[in-house]
Amino acid sequence: IKGAAPPGQVLEGFTIACGTGAVAIELAQRMGKRPMPADKILRGFTLPELLVALALLALMLPVFFASYLSVQQNLQNGVYRARAASIAMDFLNRIRTTARDPAARAVYFLPSVSFTSSTAVSSVTVPDFMCHHSVYPCTPAQIAADDMQEIRYYLALALPEADMQLVTCGNDSLCLTISWLEVNVHQCDADTASCFFIKFNI
């Protein structure tokens, strides 16, 4: 057809210039569709196609957001679990010897040591580490009190709404449970995501 413009320039619709003259594309095909007149493609999607696309989008969005939130929650719990494990191992290694003393056990084996996210850091005294310095000799009970002060402080900093319990669970065995995010240690079981449990021998 007639037309004068640099080669490749679109003149109108699907008419493409060839320098001298032009080519008009009469049939075109979208990916996955059958060939159709070019003017129909230029008119865009039909109303039924748009409605189907919107319906699919409305069905998929809730699934996508639910999956996204679940992944984010699992990742956050993984971070909290790693923090709890690190604090627990340090605490258990520290008390392995001291916990043999009856006076120290009375300090360690509290029903629970609970904190809330709003008051945890402000209500727990910063540990002074006096009993872990050779200049300050301490009794086993004083060492236990110092240990409890430290774990309260570090759990309050590391975990939201932390809860901890240390109990005997067999001959010469101790069990430490740490929970977070509104989960009480007494609610923890193997399927509870917001809990960390460890058993060790002394």
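Trainee: How many helices and strands are there in the protein chain?

Mentor: This is a predicted model, in which local features need pLDDT of at least 70 and side-chain atom pairs count only at pLDDT 80 or more, while totals for chains, interfaces and linings use all residues. Residues are numbered from 1 along each chain as its sequence is written, and side-chain values use heavy atoms, with hydrogens and water left out. Helices (H or I, at least four residues) and strands (E, at least two) are DSSP runs, numbered from the N terminus. The protein chain has five helices and 11 strands.

Trainee: What is the mean pLDDT of the protein chain, and which residues have pLDDT below 50?

Mentor: pLDDT is the predictor's confidence in each residue, from 0 to 100. Its mean over the protein chain is 75, and 82% of the residues reach 70 or more. Where pLDDT is low, the predicted coordinates should not be read in detail.

Trainee: What percentage of the residues in the protein chain is buried?

Mentor: Buried means under 20% relative accessible area, exposed over 50%, and partly exposed in between, with a 1.4 Å probe and protein chains only. Of the 202 residues in the protein chain, the buried share is 32%.

Trainee: Which residues form the nonpolar patch on the surface, and what is their accessible area together?

Mentor: A patch is made of residues with over 30% relative accessible area and no salt bridge; like charges are joined within 9 Å and nonpolar side chains (Val, Leu, Ile, Met, Phe, Trp, Tyr) within 5 Å. A salt bridge is a side-chain nitrogen of Lys or Arg within 4 Å of a carboxyl oxygen of Asp or Glu. Accessible areas come from the Shrake-Rupley method with a 1.4 Å probe, and for residues only the protein chains shown count as cover. The patch consists of Leu47, Leu50, Leu51, Leu54, Leu57, Leu61, Phe64, Phe65, Tyr68 and Leu69, together about 1000 Å².

Trainee: Is Leu69 buried or exposed?

Mentor: Leu69 is located in helix 2, residues 47-98. Its relative accessibility is 56%, so Leu69 is exposed.

Trainee: Which residue is 8.9 Å from Arg96, C-alpha to C-alpha?

Mentor: Arg96 also belongs to helix 2. With a relative accessible area of 33%, Arg96 is partly exposed. At 104 residues away in sequence, the residue at 8.9 Å is Phe200.

Trainee: Which cysteines does the disulfide join, and what is the torsion about the S-S bond?

Mentor: A disulfide is a pair of cysteine sulfur atoms within 2.5 Å, and Cys188 and Cys195 are joined with S to S 1.9 Å. Cys188 is partly exposed at 21%, whereas Cys195 is buried at 6%. The disulfide of Cys188 and Cys195 is left-handed because its torsion is about -75°.

Trainee: Where does Glu161 lie, and what is its phi?

Mentor: Glu161 is in the loop between helix 5 (140-158) and strand 9 (163-168). Its relative accessible area is 24%, so Glu161 is partly exposed. Although not a glycine, Glu161 has a positive phi of about 55°.

Trainee: Which residues does Pro37 touch, not counting residues up to four places away in sequence?

Mentor: Pro37 is part of strand 7, residues 36-37, and is partly exposed at 39%. Ile25 is 12 residues from Pro37 in sequence and 8.7 Å away in space, C-alpha to C-alpha. The residues that Pro37 touches are Glu26 and Leu27.

Notes. Contact = heavy atoms within 4.5 Å.
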